[in-house]
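Please read them with the structure open.

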Amino acid sequence: VQQWASVFSVELQDFTTKFSGSLLLQKKLKDVESIIRIVEVNGADLLRDYSEEIERMLGSKMKSVKRLAESAEDADLYHEFNTSLQFDYYNSMLINTIDENGNYVELGGEFPLEENEHFNNLPVNTLQSNIQVPTNVYNKDPKLLNAIYNSEALNDVYINNFQRDPTLTWQYFGSSFGFFRIYPGIKWTPDTNGVVAFDCRNRNWYIQAATSPKDIIIMVDISGSMKGLKMTIAKHTINTILDTLGENDFVNVIAYTDYVRYVEPCFRGTLVQADLDNREHFKLLVEELHVKGEAKIKNAMKESFKILNEARMNGQGSMCNQAIMLITDGAMEDFESVFEEFNWPERRVRVFTYLIGREMTFAQNTQWIACNNKGYYTHISTLADVQENVMEYLHVLSRPMVINHDHDIIWTEAYMDTVLFNTKAQSLLLMTSVAMPVFSKKKETLSHGILLGVVGTDIPLMEVMKLAPRYMLGAHGYAFLLNNNGYILAHPDLRPL
């Protein structure tokens with residue numbers, strides 16, 4: 001064995017010397033030895049340099065998004081609404097589609113696409129943006145057409161931004177009417193059933209930019225009258241509300257009959273961060289809820305107000321908006337005293353009510369609760385109504401921001417990007433998005449606080465990490481990034497499952 005080992009080591013050394021070019025390297029080093037010096041790397045200086053580099057890079061992305069927001073707001077300011085507006089736009093589903101007579105279909109037309117290395121070799125059009133409209137939104141609605149017509153102004157800004165900063169990837173505008181203008185323009189492929197379920201208003205970047213951080217208590221009625229379809233709708237409503245929350249928000253879920261029950265007993269009397277793990281945990285527990293008994297809303301309301309008040313007094317939770325989401329098929333008994341004790345006259349906590357089921361017997365009470373606590377009332381009679389009705393609360397929560405014109409720029413947590421589409425995206429990238437709300441500046445509606453939508457751009461985290469090169473950090477060194485919520489944004493071992 002010893003003999004083998006020595007023969008093997010000699011051969012290995014010869015082989016390495018021959019092919020690694022080490023002799024050449026040694027000779028080169030000899031030539032410059034006199035002028036080479038060893039410098040100790042100062043970690044703090046390195047860190048400061050990286051931080052400045054990353055700030056510069058992210059700063060340029062933020063400027064691009066600001067230019068988009070300003071342009072979208074100005075376009076809306078000078079636009080007169082026209083109910084009979086006729087306007088053909090490029091619908092990303094219909095482009096380059098030909099009917100049986102050999103003509104382009106309506107809202108389609110010729111839209112040249114070329115594969116582009118910078119956009120993962122997807123066929124794109126870098127001279128033009130186009131519009132995606134989800135299946136549940138009518139693509140010729142006058143309100144939609146006016147808003148799309150307005151957003152045409154973004155096209156030049158997209159191109160200009162991309163020329164100024166060629167590292168930009170997708171730039172987009174998600175409208176509160178549901179359409180999504182994306183640059184560069186692409187062909188959008190529906191799923192196997194021909195449906196486009198992608199709705200920009202449900203995306204994390206849209207929701208976070210449109211609202212401030214929030215503390216939310218979801219109260220669900222599990223009394224006997226909620227059995228069957230009502231309970232199915234209620235569970236779906238809770239899941240949809242949970243999907244609108246992110247790392248900056250705090251939440252708890254309470255189920256009530258004649259007594260108050262926390263769906264997760266460990267979270268009794270407190271709020272937990274609405275990160276992905278907690279949201280998924282709540283969803284599993286909500287699935288197991290069963291109906292029984294009769295509904296007594298008063299104690300559950302008291303409990304919810306107590307949690308929110310304590311969080312505010314102790315400086316916990318999001319330190320921003322607070323709301324209670326009440327999901328029930330009707331509120332009967334006297335609940336006014338609870339509001340008098342806990343919420344009036346300041347009305348710090350908004351109460352949103354979701355009336356479940358076809359009957360409207362208790363609609364008046366449920367509506368009264370929302371209207372007297374700065375909330376919003378919706379009636380959900382089928383599963384199909386859930387998504388649209390839940391999204392309404394975001395408009396209410398965004399109003400104070402809109403009225404004060406707080407253009408807060410947000411960064412989302414790291415998420416998997418399938419490069420936006422279910423195309424042949426081989427490269428599932430970890431992304432973060434930077435986004436910013438777009439408000440209506442019109443004098444006559446300024447006090448209504450109208451949100452027009454959200455503009456944003458994606459940044460692959462690989463690009464950020466390139467600014468901290470491994471060779472500067474030595475063989476075992478690496479850089480990592482944490483976000484403001486203590487979650488890892490980028491790390492060499494952060495691999496999406």
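1. In which sense do strand β2 and β6 pair, and over how many bridges? The model is a predicted one, and in it β2 (residues 122–125) pairs with β6 in the antiparallel sense over two bridges.

2. Strands β1 and β2 pair in the antiparallel sense over three bridges. N116 has L122 in β2 as its bridge partner. The two strands β1 and β2 form a hairpin, with five residues between them. In the turn, N120 has a positive phi of about 55 degrees.

3. Taken together, these strands make an open sheet of three, in the order β1-β2-β6, with antiparallel pairing. β1 (114–116) and β6 (185–186) are the edge strands, each pairing on one side only. As a general point, strands of a sheet pair through backbone hydrogen bonds, either parallel or antiparallel.

4. Over residues 215–397 the model has 39% helix and 21% strand. The end C-alpha atoms of this stretch are 11 Å apart.

5. How do the axes of helix α7 and helix α8 cross, and within what distance do they come? Helix α7 spans residues 229–243 and helix α8 spans residues 276–287. Their axes come within 10 Å and cross at roughly 175 degrees, which means that α7 is roughly antiparallel to α8.

6. The contact of α7 with α8 can be listed by residue. From α7 come K235, I238, N239, L242 and D243; these meet R279, F282, K283, V286 and E287 in α8. By class, the residues of the contact divide into four nonpolar, one polar and five charged.

7. On confidence, the mean pLDDT of the protein chain is 90, and 97% of its residues reach 70 or more. Residues 419–427 need a separate remark: over this stretch pLDDT stays under 50. For residues 419–427 the model has 23 contacts beyond four places in sequence. Where pLDDT is low, the predicted coordinates should not be read in detail.

Note on methods
Residues are numbered from 1 along each chain as its sequence is written. This is a predicted model: local features need pLDDT of at least 70, side-chain atom pairs count only at pLDDT 80 or more; totals for chains, interfaces and linings use all residues. Side-chain values use heavy atoms; hydrogens and water are left out. Helices (H or I, at least four residues) and strands (E, at least two) are DSSP runs, numbered from the N terminus. Axes are lines fitted to C-alpha atoms, for helices over the stretch in contact, and angles run from 0 to 180 degrees between N-to-C directions. Angles under 35 degrees count as roughly parallel, over 145 as roughly antiparallel, 65 to 115 as roughly perpendicular and the rest as oblique. Contact means heavy atoms within 4.5 Å. Ala, Val, Leu, Ile, Met, Phe, Trp, Tyr, Cys and Pro count as nonpolar, Asp, Glu, Lys and Arg as charged, and the others, Gly among them, as polar. pLDDT is the predictor's confidence in each residue, from 0 to 100. Two strands pair if DSSP finds at least two bridges between them.
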